[in-house]
Amino acid sequence: MAATTPRVLRLLALLQDRSYTGRELADRLEITERTVRNDISRLRELGYPVHAERGAVGGYRLGRGATMPPLLLDDDEAVAVALSIAVAADGSLAVSDLGDQLTRALRKIEQILPKRLQRKVSALHDATEIGPATTGSREPDAPVATGILTTLADAVRRTTAVTVDDDVELEPYRLINWQRRWYLVAYSMRTHAWEAIPVARLTSATAGKRVFAPRRLPDDDLVAFVMRHIATTGWLVHARVTVLAPAETVIARINPAVGVVEPVDDHSCVLHTGADAMETIAIYLSMLMMDFRVDGPPELVAHLRTLARRYTESIAP
């Protein structure tokens with residue numbers, strides 16, 4: 001039989017997950033149901049609100065108390081919580097008065113994390129930069145596997161190559177988090193060029209043993225490098241739009257990832273923009289609050305004509 005204190009902690013961890021019958025708890029902990037009842041009593045004496053329900057679907061469950069009890073997390077849960085707090089603390093939540101609380105919470109979690117887990121969290125935090133805040137329409141989330149993210153972050157910290165997907169070797173330099181999406185700035189040994197790779201598109205990442213010598217970066221500002229990449233090649237659909245306003249006026253109006261602006265003359269410029277859906281580009285253009293002409297693609301022109309008809313018909317004569 002397990003020692004009392006570790007056993008009670010295991011019991012508490014189980015109850016934080018879901019409801020269990022006395023028999024289920026006894027089987028999981030390899031003890032008798034009488035010992036389960038005694039351990040439940042110990043938890044209640046310590047202030048944990050353990051509720052018991054009778055019947056065929058009854059059992060024990062942890063209720064809400066007057067104070068917050070300690071959370072018992074497994075390795076994956078602890079890393080997930082710490083990583084989420086670390087990213088949010090860097091400004092991705094856009095909530096002005098949470099910064100100090102998030103920093104304190106992260107410090108407490110990192111203090112008690114085993115070293116093997118602490119390395120994962122600190123590597124990702126140190127390897128990541130946050131993209132600029134945005135307003136208005138946001139693209140759908142692009143979920144990333146935690147294992148891939150932590151592998152890339154560790155490789156950035158140790159300056160070791162990684163192999164992704166179809167045996168493509170990369171030299172990873174930085175992770176950029178923007179609009180709840182992740183991008184890896186890396187030098188590809190396949191193309192022998194710098195790339196900003198959407199991490200969500202990677203299906204695997206394996207740490208290599210080759211330590212690489214740092215190369216000259218493609219830009220002193222890697223966030224700006226990623227933003228330009230997203231604007232020109234990083235979207236599923238792209239458009240070319242002539243905006244009837246000076247280039248500096250348009251640049252001041254848009255986010256760097258929304259598009260690249262090229263001046264034409266003192267009164268007009270060309271905007272190369274993109275998104276993961278044609279409808280999103282239409283929203284971006286309406287938010288410009290400037291006159292424009294769509295040069296392509298034809299699908300965007302057709303979509304705008306449909307919107308124009310709908311808006312016109314929605315106005316009562």
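Of the contacts in the protein with a separation of 6 or more, 60% are between residues 24 or more positions apart; contact means heavy atoms within 4.5 Å. The structure is a predicted model, in which local features need pLDDT of at least 70 and side-chain atom pairs count only at pLDDT 80 or more, while totals for chains, interfaces and linings use all residues. Residues are numbered from 1 along each chain as its sequence is written, and side-chain values use heavy atoms, with hydrogens and water left out.

The pLDDT (the predictor's confidence in each residue, from 0 to 100) averages 84 over the protein, and 87% of the residues score at least 70. Among the elements, the lowest mean value, 70, belongs to helix α4 (residues 75-92), and the highest, 97, to strand β4 (residues 160-164). Where pLDDT is low, the predicted coordinates should not be read in detail.

Eleven helices and twelve strands are present; these are DSSP runs numbered from the N terminus, with helices being H or I of at least four residues and strands E of at least two. The protein has 317 residues, of which 40% are buried. Buried means under 20% relative accessible area, exposed over 50%, and partly exposed in between (1.4 Å probe, protein chains only). The accessible surface comes to about 18400 Å², and carbon and sulfur atoms hold 52% of this area; accessible areas come from the Shrake-Rupley method with a 1.4 Å probe, and for residues only the protein chains shown count as cover.

Four strands form an open sheet in the order β10-β11-β9-β12, with antiparallel pairing; two strands pair if DSSP finds at least two bridges between them. The edge strands, each pairing on one side only, are β10 (259-265) and β12 (292-296). Neighbouring strands of this sheet are turned by 25° against each other on average, direction ignored; axes are lines fitted to C-alpha atoms, for helices over the stretch in contact, and angles run from 0 to 180 degrees between N-to-C directions. Helix α11 (residues 298-314) packs on the sheet, where α11 touches β9 and β12, and the direction of α11 makes about 140° with that of β12. Strand β9 (residues 237-243) is joined to β12 by four bridges, and R240 has G296 in β12 as its bridge partner. Seven bridges link β9 to β11 (residues 268-275); T242 is bridged to V270 of β11.

Helix α8 (residues 222-232) contains the buried residues L222, V223, F225, V226, M227, I230 and A231. The N-terminal end of α8 is capped by D221, a side-chain oxygen of which lies 3.1 Å from the backbone nitrogen of V223.

Two further buried positions were examined. R7 lies in helix α1 (residues 4-15) and counts as buried because its relative accessibility is 3%. The side chains of R7 and D39 are joined by a polar contact of 2.6 Å; a polar contact is a pair of N or O atoms within 3.5 Å, and within protein one must be able to donate a hydrogen and the other to accept it, with residues adjacent in sequence counting only if both atoms are side-chain atoms. T160 is placed in strand β4 and is buried, with a relative accessible area of 2%. Apart from neighbours within four places in sequence, T160 is in contact with A155, P172, G208, R210, V211 and F212.
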